[in-house]
Amino acid sequence: MSNKKYWTSLGELYETPQYKEQAAKEFNSVEETEADDNGTSRRDFLKVMGFSVSAAAIASACKIPTHKAIPYTIDLRKQVPEVMPGVADYFASTFTDGSDFVNVLVKTREGRPIKLEPNTESPFGGATAHSEASVLSLYDTNRLAVPTNKNKKSTWKSVDAEIISKLNTIAASGGKIALVTGTVTSVITKKAIEKFVAKYPTTNVVAYDAVSYYAVRKANQISLGSSVIPMIHYDKADVIVGFNADFIGTGVAALSNSKKYVANRVPSKENPKMSRHHQFQSNVTITGANADYRYPITPSEEKQALINLFAEIGGSISGVKPLSGKDANDGIKKVGKELLAAKGKSVVVSDSNDLEIQLLVNAINGTLGNYGTVIDTANAYNFKSGNDEALATLATDLKAGSYKAVIFLNSNPVYNTIYSDVFKDAIKKAELSISTADRTDETAQFCQYVCPDSNYLESWDIISPFANFYGFVQPAIVPLFETRQAAASLLNWSGDTTDIAQVVQAEVASITGTNYQAAVQTGFFGQPAAPSASSPNVSAAIAAIKPVAGATKGMEVVFYEKSGVGDGSFANNPFLQEMPDPLTKVTWDNYVCVPYSFAKEKGIDAQPAEKNVPIAKVTINGKSVELPVVVQFGQALNTLAIAVGYGREKSGPAGDAVGKNMYPFLTSNNGVTSYSTSGATFELTGKSYQLGLNQTYHTLMEDNALPLRSKRYRGSIVKETTLTDYTKNEKSGNEDREHIKEHFSHSLYDAYKPHDYKQGHHWGMVVDLNACIGCGACVVACSIENNVPVVGRRQVYRSQEMHWLRIDRYYNGNPDNPDVAFQPMMCQHCNNAPCENVCPVNATNHSSEGLNQMAYNRCIGTRYCANNCPYKVRRFNWLDYQAADSFGKVNDGKMAFIDNEAQSYMFEDLTRMVLNPDVVTRSRGVIEKCSFCVQRIQEGKLSAKKAGRPLQDGEVKTACQTACSTNAIIFGDQNNKESVVAKTFETSGRNYFVLEEQHFLPAVGYQVKVRNKDEQPARYFIYKPDEA
Amino acid sequence: MHSCNPIRKILSLIALVLLLTVTSNSVYAGFAVPDVAAGDAAGIQNVGEGKALFKANCAACHAIDKKVVGPALGGIWDKWENEAKLTDWIHNPSKFLESGDPYAQVLKSNDIESPMTPFPQLTTDQINDILVYLKNPNAGEAAAPAAATATTAGASDEGSSNWYLWALIIFLLTLAGLLWSVTSKLDKVVREKEGEVVEDVPLSKKIFNKNTLLVLLLIGSILLVVNIFGGAIDLGRSQGYAPDQPIRFSHALHVGQNQIECQYCHVGVEKSRHASIPGTQICMNCHKYVQEGPKYGKDEIAKIYEYSGWDPDKSKFVREPKNIEWVKIHNLPDHVYFNHSQHVKVGGIKCQTCHGKVEEYEVMKQFAPLSMGWCINCHRQTEVKFAENKYYSVFQKYQDELKKGTKSKITVEDIGGTDCQKCHY
């Protein structure tokens, strides 16, 4: 028997009967249905049917519904760019969320931004889940349409006049003004702030970040002499050691980091090399999941671990003490050796907002000589420029009542700081309080004036992510509402009423002297500097380190950011709420993650149904919160992990009352915000909660061996090997393919018609498991491109989510510290597609180009296909999510996020503007699934035909492919021998197909995951012919 | 008081101007322009050349019988002193004005929006041809109306042939009935002669017995089912749909008579999935100048001005344009993706193939059934432009077969044109 064992959840790990029953079914039993509630009987149904059929006939006989055709009319008095209805226009722009930025192309149709595409000309082009989802935020119905005064609608003219007069009065009397901002990477906003301060000199500008990296800046101030966050070139590092760092997940410049990280993580036959990644971690993040070796440590042990590591690499430091876990102790020794062997080609990173930890990291990197090669201060980031200490001082001063005016520049401290009450009181007491939030958020609700900022897709701006590099922001649509850019508001109040577009134009000229048109066209300008850095002062850093105090009491808690809603500013974006967390696969909630052994101890692991999770009461420093419990394999013992960014109260119908707000539970360590704490207690309440959890269903089971096979052959879903073995044998981990080709070369069901793809196109896809980091940007991109509806927590709980593309996450090994594998799973477009031959109406069948096509209008909803799909990628429209059946009565549907049920969010005219007009919205009662973005295939072919030339490889890219910045997904034509797909299928030793032994002949090839481990773990599957 | 009363002065000036305007015909005696008789071949040729010149040079601003931008040109031979002066005016109007010619001054004082463009390239002969055309605009076109009448007569034949058909059917039925009664009577006579007692069943009973009723019922139900199915299939289809539109726009006039290319207004047809309905900005390219139509006069064009925000008196756009809410005629269901550029640019399909003879439509209508069967049929029959377009080199097998001659043509269906996801996604 195979000794490989992969699992996705507790139930699968234990193979509980409930799990087996659930997984064997395609459709989870729904606990209650509306029909049952209403007591609709079969007779009623027939009566209704009879009526509706005759009514339809009568109605249709009487008149044809009239539709209007409105031409695209141009006001000839204005200079309007020419728009061709039906053809997309692209505008180069830049997205930033304060910790990351992306150079993007905004795709607009008939003037509406509908999708972001990566700006491939920029080294920083790409996509993140946040950037992809941000288009929907433009059409957020909860945005303020006009400025408000005391929560009543007002006009810019009157608001401006009042604000200016009040500011002048306050400034004249020497009253202090607090300008509270988040990280400002905008050059224009910085200028505006300067002007504002010049005009009102009593202004104190305080920047803070909800999730702060202040300690990094402060440590660098001590050891390097400047408070920078350096750029780290992960592609130049052979050994990467992370200490609670999530540099490819939610950290600073994660997109650029992940590109560089993956660049050195995909071995090939020609270049069988990859970096080694060690991760010391309390909770499991994407970064940890991608590491070759992980060592669980509690948050309080991090400093001790770093002291030990520093000693291990030859540094002189006192207070070396062994860690509690044997793995971690051995790990420090191993890592120390490897780091010494890779001097100047390694990096140690930590995201912990703790000064001593950051100083230790600097000391280690300095000793190893990593500055100037891997660590680059010449290109220091402008992200996360918040100052925790300044915020703490401000809070003290506000409490003392020394500020007469408070202005919140797109910041929300009432929600996301520990000084929530201080700010609340201060706003109420202040003579003047202004917020530039785009909605009446937690802070803005108390402010007298809310001067709504425009969305970035409606704005002119220049973003500077790091020195000498600039991202250009240009409007892709005129402001939908009477909003004004925050920078323009500040300039206005400073007495400068210049049009913001002209300010930006002048600024571009003054920065580079380059052609303004070039900036508009390319969307970025400037060049990263050559990497350089001076060596840090190691002894100064070490001098500041105090020995670790005695052991902590109680459980330790880690507060982390999820890659979906982030720090909470994206809470009202349903796409991000419904994007499953890469590790826990939970949507729409935060929860308390507990380590596996702890769960076992508490008896939580034996829950009957995994979606009905227990609710625990967690008490932290005297405050307690009730949260659902999720078991997280690989989490450090004695540690709990809870995400911040939830529990919004004033974000909008999608984000409000989702999860609990954990910001008030953070602590301050000498004015520096700490994202971990100790002394927590955990007790079960006896209540349970229905969690919107994916991947305990719609999952591939490796035990799906067909009983008809003479010998059980455990299939191939995830294949793995080690770099050592891969270097010896290119087909390592993939040896069974020969056996499969030999013994499983036919299908069990011989009625499949053979397909001839000898000419024309035969579409295919390559998914590289080494390049996929599990970030989820592709999932969001797919949903936006293909009008995939968001369904809400309750529907996800009922296993009725609609994602065409999911990222399966598999664990294997020791449940307390397993290896993790991510596997993007979408329709495999099998040649022998089991879904096709069970459809009674031939609604799904094969195209001449190898696509498994789905004709929605033909589908009658038997769902046989979904039942028969071995990859579980077909989705059924249980409800009319997108008003497709509503016959134009779109406005009758009201926004209904009752219990996070996003059922009718697409009933709003405004929200519907985001829909892709080239893809139909599916109505209730039909199946849908991944189409390989057929609309893009058709578009690509058409432009080739129009130009009268053959279609080039790479011309057609699926939405998931464009969103994948690490090139884990590559789409192409198998018939084009020059295409990446054809070449990979033909020559790569790592290529395999999922469940290949069943002979479905899928069109998606996966590349064996290679881990840079020294030896093959005993648990790995090793192919032995006699067992098969 | 020796000084003139200023009001009197102004009034008398106005009177003078009015007199001049009214009697402008009589400023000069005018000059003669020849008439062209029906048989005058040389004259007709002159008219033809004049017409072409008029269309190329003058028609943007002038019409024969009405004021457009410039004044109506019919009868100008009566207004000018001689042809030489007219020629000078045409060659360089502003220079001619300086000569102080009284009629030129009249023209200047008239409310003309813009000064006339100089046409120094027109020779005296050409101007003469134009004048001949202006005097005889219809010369040489006498035969055309007769031909038109003939076509109309041909079209009305269809109705009469139907009537004959019905008469024939009734005649045949009557004949059948007569023959049947004759034979049955003869049969009766023969059988009676042979000694059989034949019961005299009335004709009505013979027809309306149980069996025939059953047969009728069967036929009736088949017809009903066929009808219901046909009706159900046709649900939502609207071939021939020609709704009233907010503006009575005539394709017959624009495309048929004025020969405007389809793409001039439907700009997207080769570039986009939508052929696109022109906005008022495209209408106004011509209708800034063409202010009156042949059928509805100024009424319909005034609507365009209203929508586009154009003030014809001030000759400029004064308001933001409003949307014309045309009634959509071609309503494809949401689940069908159709791309005009694929068919027109790549496939080279004529607009008329799907839209009918639009150049003859006074009111736009849906010509094709727009049913799936109609689409599929065309995809089955239409040949792909395989040789011309290098994109199709990807179909190597077909290319070889075409070369060898084993295949004579490649249809859209051959290259996957009937796949579901060519139109449904």
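Which side chains meet in a salt bridge at 2.7 Å, N to O? They are those of Asp918(A) and Arg273(B). The legends below show this pair and its surroundings in a predicted model.

**View 1. A salt bridge joins Asp918(A) and Arg273(B).** The side chains meet at 2.7 Å, N to O. Across the interface of chain B and chain A, the rule finds 4 salt bridges. Polar contacts link 22 residue pairs across this interface, with both residues at pLDDT 80 or more.

**View 2. Several elements of chain B touch chain A.** Helix H13 (280–287) and strand S3 (326–327) each supply at least two residues to this side. So do helix H15 (340–346) and helix H18 (396–404). H15(B) gives the most, with 4 residues.

View 3. In chain B, Tyr391(B), Gln421(B) and Tyr425(B) lose the most area to chain A. Together they make up 18% of what that side buries. The contact takes 55 residues from chain B and 51 residues from chain A.

**View 4. A nonpolar patch lies on the surface of chain B.** Leu165(B), Trp166(B), Ile169(B), Ile170(B) and Leu173(B) form the patch. Their accessible area together is about 550 Å². Leu173(B) lies in helix H8 (residues 143–193) of chain B. Is Leu173(B) buried or exposed? Leu173(B) has a relative accessible area of 58%, and the cut-off for exposed is over 50%, so Leu173(B) counts as exposed.

Technical notes
Residues are numbered from 1 along each chain as its sequence is written. Chains are lettered from A and ligands numbered from 1 in the order in which they are written. This is a predicted model: local features need pLDDT of at least 70, side-chain atom pairs count only at pLDDT 80 or more; totals for chains, interfaces and linings use all residues. Side-chain values use heavy atoms; hydrogens and water are left out. Patches are made of residues with over 30% relative accessible area and no salt bridge: like charges are joined within 9 Å, nonpolar side chains (Val, Leu, Ile, Met, Phe, Trp, Tyr) within 5 Å. Accessible areas come from the Shrake-Rupley method with a 1.4 Å probe; for residues, only the protein chains shown count as cover. Buried means under 20% relative accessible area, exposed over 50%, partly exposed in between (1.4 Å probe, protein chains only). Contact means heavy atoms within 4.5 Å. Buried area is the accessible area (1.4 Å probe) that two parts lose on being put together, summed over both. A polar contact is a pair of N or O atoms within 3.5 Å; within protein, one must be able to donate a hydrogen and the other to accept it, and residues adjacent in sequence count only if both atoms are side-chain atoms.
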